[in-house]
Amino acid sequence: MSAAANGMATERPDAIAVEKIVKRYGDFEAVKGVSFNVAEGEIFGLLGPNGAGKSTLIRMMTTLIPVSAGKAVVAGHNVAKEPDEVRRLIGVIPQALTSDPDLTAEENLLIYAKLYSVPRGQREKNIAEVLEAVDLTKWRSAPTKTLSGGMRRRLEIARGLVHNPRIFFLDEPTTGLDPVSRIAVWEMLNKLKATRNLTMLLTTHYMEEADKLCDRIAIVDHGNLVALGTPMELKNSVAGANVVEVQFDREAEQWKERLTHLEGVTSVQPESAGFYRILTKSGSRTTMQLVEMAAELGETLTSLSVQNTTLDDVFVHYTGRQLRDEQVKPMMASWAMLQRPGDQR
Ligand SMILES: Nc1ncnc2c1ncn2[C@@H]1O[C@H](COP(=O)(O)OP(=O)(O)OP(=O)(O)O)[C@@H](O)[C@H]1O
Ligand SMILES: [Mg+2]
């Protein structure tokens, strides 16, 4: 683990404290002794590819499956010893959409209000409040199946909040949403954090989401926690300070080798034919040398850009693999086919 591994120190009490938590399925360890703390009021992100163990972690923290070893204390209660107390204080949005499509938005919320023993006299008020919070008031009587994907996700967020929980667990709240709906959900979650004094733990594949939304991020890979810190700490913990992206008008074998030797370069990643992503300590010097090199060789650059390090680079650094927004699902699917769960890299 890196210097960023300890994350930020905090004076606030912990909403979640997970200590060397393990989940075994037979011989297979889906979670291999993970520890982290989430402070009250924090938005904490679990980031990782398919099969990393994110949902398994959430299921243990939310009492849905037993812990094999280690412990998790949520809202002051040990999940193994006081699951009922934990359940009363948390809201959970599972990975799959689970609201009943044949019921109206309001009816879906009412079922949950009853399930969570919200007193009769308070149900209507709570339902009106959460519908307002997720901007669905005018859709309250609409059958759920007529809502768009983003609206359904927002309804599920409302449903998870109907009993006024203190800690909110969201498993991939925006997977499958179009970019506009995704941003609407982010805005909603930010607003909820501010107005309801909620602690949130969410999982995501989306770097941008983690970067924009989370106070701190834990990168999970193959059941291990490989990095933990604020988005800024994580970005700073990666060697390169800048990312240079270059596209040559033709692919040539020597590009990677030549790029590696430019000043400041710490890594060179081929993206597609003639297209390279370069991590460098000095974007300006690397770029200058790169342009000179191309001129000397009589080669043409079709595009060149310099940016700051992103969480994508952090992910590559800690897991040795790429995780890109829109390409994530198909890419993950091919990894899943190539790698059996027990594989160690
Ligand atoms: N009930 C189970 N029995 C056996 N193995 C399981 C079970 N549930 C999960 N696993 C395995 O545990 C590992 C972690 O799964 P998990 O669902 O936690 O991953 P994830 O990070 O949530 O992935 P995704 O991004 O696809 O949701 C996977 O290899 C999965 O196949
Ligand atoms: Mg999952």
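A residue is termed buried when its relative accessible area is under 20%, exposed when it is over 50%, and partly exposed in between (1.4 Å probe, protein chains only). The structure is a predicted model, in which local features need pLDDT of at least 70 and side-chain atom pairs count only at pLDDT 80 or more, whereas totals for chains, interfaces and linings use all residues. Residues are numbered from 1 along each chain as its sequence is written, chains are lettered from A and ligands numbered from 1 in the order in which they are written, and side-chain values use heavy atoms, with hydrogens and water left out.

The chain contains twelve helices and 14 strands, taken as DSSP runs numbered from the N terminus (helices: H or I, at least four residues; strands: E, at least two). Of its 345 residues, 50% are buried. Contact denotes heavy atoms within 4.5 Å; among contacts with a separation of 6 or more, 70% link residues 24 or more positions apart. The chain exposes about 15900 Å², of which carbon and sulfur atoms supply 51%; such areas come from the Shrake-Rupley method with a 1.4 Å probe, and for residues only the protein chains shown count as cover.

The metal site was examined next. Ser-55 (OG) and Gln-95 (OE1) coordinate the magnesium ion (ligand 2) at 1.9 to 2.2 Å. Donors are N, O and S atoms within 2.8 Å of the metal (3.2 Å for Na, K and Ca); because water is not among the atoms, sites may look incomplete. The two residues also have their own accessibilities: Ser-55 is buried at 12% relative accessibility, while Gln-95 is partly exposed at 36%.

Ligand 1 is surrounded by 14 residues, with Asn-50, Gly-51, Lys-54, Ser-55 and Thr-56 the closest; a residue is near a molecule or strand if one of its heavy atoms lies within 4 Å of it. The shell comprises five nonpolar, seven polar and two charged residues, where Ala, Val, Leu, Ile, Met, Phe, Trp, Tyr, Cys and Pro count as nonpolar, Asp, Glu, Lys and Arg as charged, and the others, Gly among them, as polar. Both β2 (28-39) and α1 supply at least two residues of this shell, and the largest share, three residues, comes from α1. Oxygen atoms of ligand 1 lie 2.4 Å from a side-chain N or O atom of Thr-56, 2.9 Å from one of Gln-95 and 3.2 Å from one of Glu-172. On its own, ligand 1 has 640 Å² of accessible area, of which the protein covers 68%.

Helix α1 is largely enclosed by the rest of the structure, because seven of its eight residues are buried. These are Lys-54, Ser-55, Thr-56, Leu-57, Ile-58, Met-60 and Met-61. Val-31, in strand β2, is buried with a relative accessible area of 1%. Apart from neighbours within four places in sequence, Val-31 is in contact with Ile-21, Val-22, Lys-23, Gly-53, Thr-56, Leu-57, Met-60 and Gly-223. The C-alpha atoms of Val-31 and Asn-224 are 6.5 Å apart, although 193 residues separate the two in sequence.

Most residues other than glycine have a negative phi. Lys-20, in strand β1 (residues 14-25), has a positive phi near 45 degrees and is exposed at 59% relative accessibility. Asn-164, in the loop between α5 (149-161) and β7 (167-171), has a positive phi of about 55 degrees and is partly exposed at 38%. Just after α1, Thr-63 takes a positive phi of about 70 degrees.

Note on methods:
Polar contact = N/O pair within 3.5 Å; in protein donor to acceptor, adjacent residues only side chain to side chain.
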